[in-house]
Amino acid sequence: MSEVKCRRCLLNELAQGRELYESVRAYRAELPPEERTEDREFEARLRECRECGYLANATCMQCGCFVEIRAAKRDIHCPMLKW
Ligand code: SF4
């Protein structure tokens with residue numbers, strides 16, 4: 001059976017991504033505050049990703065990262081400069 005790609009889905013929305021999402025939450029919580037993207041900015045970044053054609057199965061097809069991980073660090077930006 002072929003894998004179904006979910007466009008506009010983040011890890012926390014994929015049934016198979018829940019465990020990974022918990023890892024992302026832990027990773028983000030452990031980042032020093034000066035490195036961690038603030039909550040409001042983090043959510044804004046993920047809204048951009050959900051609307052982006054490069055998102056597939058919670059992964060950015062431009063950089064290969066899970067977007068929730070990429071968005072978690074303040075000084076890492078979208079490869080297409082959307083955030
Ligand atoms: S990181 Fe940028 S290019 Fe990648 S899915 Fe998000 S908005 Fe799109």
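A nonpolar patch is made of residues with over 30% relative accessible area and no salt bridge, their side chains joined within 5 Å. In this predicted model, Tyr54, Met61 and Met80 form such a patch on the surface. Together they have about 270 Å² of accessible area. Met61 lies in the loop between strand E2 (59-60) and helix H3 (67-70). Its relative accessible area is 45%, so Met61 is partly exposed.

Five salt bridges were counted. Arg28 and Asp39 pair through their side chains, at 2.9 Å from N to O. This pair links distant parts of the chain, with Arg28 in helix H1 and Asp39 in helix H2, 11 residues apart. Arg28 is buried at 13% relative accessible area, whereas Asp39 is exposed at 54%. A salt bridge also joins Lys73 and Glu35, with the closest N and O atoms 3.6 Å apart. Lys73 lies in the segment after H3 and Glu35 in the loop between H1 and H2, so the pair ties together parts 38 residues apart in sequence. Lys73 is partly exposed at 21%, as is Glu35 at 31%. Within helix H2, Glu41 and Arg45 are four residues apart, about one turn of the helix. Their side chains meet in a salt bridge of 3.0 Å, N to O. Glu41 is partly exposed at 35%; Arg45 is buried at 3%.

Thr37 sits in the loop between helix H1 (18-30) and helix H2 (39-50). Thr37 is buried, at 2% relative accessibility. Its side chain reaches the backbone oxygen of Lys73 at 3.4 Å. Beyond its neighbours within four places in sequence, the contacts of Thr37 include Arg28, Arg45 and Lys73.

Terms used. Residues are numbered from 1 along each chain as its sequence is written. This is a predicted model: local features need pLDDT of at least 70, side-chain atom pairs count only at pLDDT 80 or more; totals for chains, interfaces and linings use all residues. Side-chain values use heavy atoms; hydrogens and water are left out. Helices (H or I, at least four residues) and strands (E, at least two) are DSSP runs, numbered from the N terminus. Buried means under 20% relative accessible area, exposed over 50%, partly exposed in between (1.4 Å probe, protein chains only). A polar contact is a pair of N or O atoms within 3.5 Å; within protein, one must be able to donate a hydrogen and the other to accept it, and residues adjacent in sequence count only if both atoms are side-chain atoms. Contact means heavy atoms within 4.5 Å. Patches are made of residues with over 30% relative accessible area and no salt bridge: like charges are joined within 9 Å, nonpolar side chains (Val, Leu, Ile, Met, Phe, Trp, Tyr) within 5 Å. Accessible areas come from the Shrake-Rupley method with a 1.4 Å probe; for residues, only the protein chains shown count as cover. A salt bridge is a side-chain nitrogen of Lys or Arg within 4 Å of a carboxyl oxygen of Asp or Glu.
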